Amino acid sequence: MSRAHSTYSLRAILVNAVIAALYVALTLVAAAFHLSGLQIQFRVSEGLNHLVVFDKRYIWGVTLGVLVANLLDTTTPVILNVPFGVAQTLLSLLLVGYVAPKLPKLWMRMVLNIIVFTISMCMIAWMLHLAYKLPFWITYLSTGVSEAIIMTITAPIMAAVDQAVHFSKVLD
């Protein structure tokens, strides 16, 4: 293995570890202020889902962050929260990671991401239905709307941060 390749791999691992840690920290802050939980999902950390529109290699950091955050979540049974939360995130990120590069404009990729994550909240609504017998459609509406709001608010923020950080080059 060449030195450049091993450096790249180490850099990608470290950056994704930082992304995971940031996701967990932001999730814990949201939980401390009671901004997320059950039917309301105003996790500011969900804004990190937008990283996939810049580079699909961020999938692993965001997904790891969701895994750890859901393991630490005491409001929902881990036996449901981890597989449903991780699956919802991973499937959404993989779909966006595949389709987004085909879209010519950043705003199109961001809108795609918002739509995919909003629709995929059906998995979280289903989990909450199983765990707490919450009515599925009302729960889907509330989790989907809260996800759409947080993803819409964080999209321009992530686009602005990208102007300084250049997310697509960070992993190179």
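Trainee: Where does helix H5 bend?
Mentor: In this predicted model, helix H5, which covers residues 136-165, bends by about 30° at Ala155. A proline, Pro156, follows within four residues.
Trainee: And what comes just after H5?
Mentor: That's His166, which takes a positive phi of about 60°.
Trainee: Switching to rings, how many aromatic pairs are there?
Mentor: The count comes to six aromatic pairs. Take Phe136 and Trp137: their ring centres are 4.9 Å apart and their planes stand at 80°, so this pair is edge-to-face.
Trainee: Why edge-to-face?
Mentor: Because planes over 60 degrees apart count as edge-to-face, and the planes here are at 80°.
Trainee: Which residues do ring pairs link into a cluster?
Mentor: Trp126, Phe136, Trp137 and Tyr140.
Trainee: Is Trp137 buried or exposed?
Mentor: Trp137 counts as exposed, because its relative accessibility is 64%.
Trainee: What about Val96, buried or exposed?
Mentor: Val96 counts as buried, at 0% relative accessibility. Val96 is found in helix H3, residues 78-99.
Trainee: What is Val96 in contact with?
Mentor: Leaving aside neighbours within four places in sequence, Val96 is in contact with Val52, Val53, Pro101, Leu112, Asn113 and Val116.
Trainee: How far apart are Val96 and His166?
Mentor: They are 70 residues apart in sequence and 19 Å apart in space, C-alpha to C-alpha.
Trainee: One last thing, where does Lys102 lie?
Mentor: Lys102 lies over the face of Tyr98, at 4.1 Å from the ring centre.

How values were computed. Residues numbered from 1 in each chain as written. Predicted model: local features only at pLDDT ≥ 70, side-chain atom pairs only at ≥ 80, totals over all residues. Heavy atoms only, no water. Phe/Tyr/Trp six-rings, centres within 6.5 Å; stacked < 30°, edge-to-face > 60°. Buried < 20%, exposed > 50% of the residue type's maximum accessible area, 1.4 Å probe, protein only. Lys NZ or Arg CZ within 6 Å of the ring centre and 35° of its normal. Bend = angle between axes of the 7 residues up to and from the residue. Helix = DSSP H or I, 4+ residues; strand = E, 2+ residues; numbered from the N terminus. Contact = heavy atoms within 4.5 Å.
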